[in-house]
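Subject: Structure for your review

Dear colleague,

Please find below the structure that I am handing over to you.

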Amino acid sequence: MSSKKHWSPGSDVAVQSVERSERGGWIVSGVFAPNGICPDCGLHSRRRHGWRRRRLQDYPAHGDEVTVDLAICRWRCQAPACPRRTFSDQIASIARPFARRTSRVGEIVTHLGHATGGRPAERLLHRLGLGVSDDTVLRQLKNRAQDSGESPTVIGIDDWSWRKSQTYGTIIVDLERRVVIDILEDRDVVSCTNWLKRHPEVEVISRDRCGLYAQAARQGAPHRMSTLT
Ligand SMILES: [Zn+2]
């Protein structure tokens, strides 16, 4: 490859090597630029405490999987009052804590999962060189849904197939901000009704044509406006 830079998952990562993996994909080894800022007290440390590594699935290359093997600096916090003794640099520009894939891959999984459902998304992602299970698609959608801290007032409720086009859950979308706000793992009047009762801020509900969500809207949100889509 002409430039290692092109393999970097973000501007904070310096790529050291790009090699073929045993499984036929690519391993991109890189170092996250050390910053030494303690996540608890915010002070800058100068005392290094070794390294930790994280492996993250990244954008595929020519249909092959790409794994970023990232070295992240560890530090000792030098602030006497800080409860944290050691910490690793935060890599928020690349991936979320405990994530197994880069945030930019997570966004693609979320978009495809939202648009097509779990199993079709799994198949499409596999064709693109992104090995992701339908369970992961569901989890990714739920994680992202929990992120949106704002209170929705106009929502859409619809079916969402998440496994083999047979198991149906319920997807709830904030229609004003166009984001998924929750995924219910079943398609059930009771769970949908309970969700609406927990969200009194919802004023307008746009639902599917079948009667199930209409019933939930009547029971869970009797004074709110409900429209057919
Ligand atoms: Zn600290």
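In this predicted model, the zinc ion is coordinated by the SG atoms of four residues, Cys-38, Cys-41, Cys-77 and Cys-82, at 2.3 to 2.4 Å. The angles among the 4 donor atoms run from 100 to 117°, and the site of the zinc ion is tetrahedral. Along the sequence, the donor residues of the zinc ion follow the spacing C-x2-C-x35-C-x4-C. Within this site, Cys-38 and Cys-77 link distant parts of the chain, being 39 residues apart. Cys-38 lies in the loop between strand E2 (26-32) and strand E3 (47-61), whereas Cys-77 lies in the loop between strand E4 (64-76) and strand E5 (86-88).

As to accessibility, both Cys-38 and Cys-77 are buried. Cys-38 is classed as buried because its relative accessibility is 3%, which is under the 20% cut-off. Cys-192 likewise counts as buried, because its relative accessibility is 1%.

For reference, a disulfide is a covalent bond between the sulfur atoms of two cysteines.

A further point concerns Arg-198, which is found in helix H4 (residues 189-198). Arg-198 counts as exposed because its relative accessibility is 52%, and the cut-off for exposed is over 50%. The C-alpha atom of Arg-198 is separated by 8.7 Å from that of Gly-220, and the two residues are 22 residues apart along the chain.

With kind regards

Definitions and conventions
Residues numbered from 1 in each chain as written. Predicted model: local features only at pLDDT ≥ 70, side-chain atom pairs only at ≥ 80, totals over all residues. Heavy atoms only, no water. Buried < 20%, exposed > 50% of the residue type's maximum accessible area, 1.4 Å probe, protein only. Donors = N, O, S within 2.8 Å, 3.2 Å for Na, K, Ca; no water. Tetrahedral: all angles 85-135°; square planar, octahedral: opposite > 155°, others 65-115°. Helix = DSSP H or I, 4+ residues; strand = E, 2+ residues; numbered from the N terminus.
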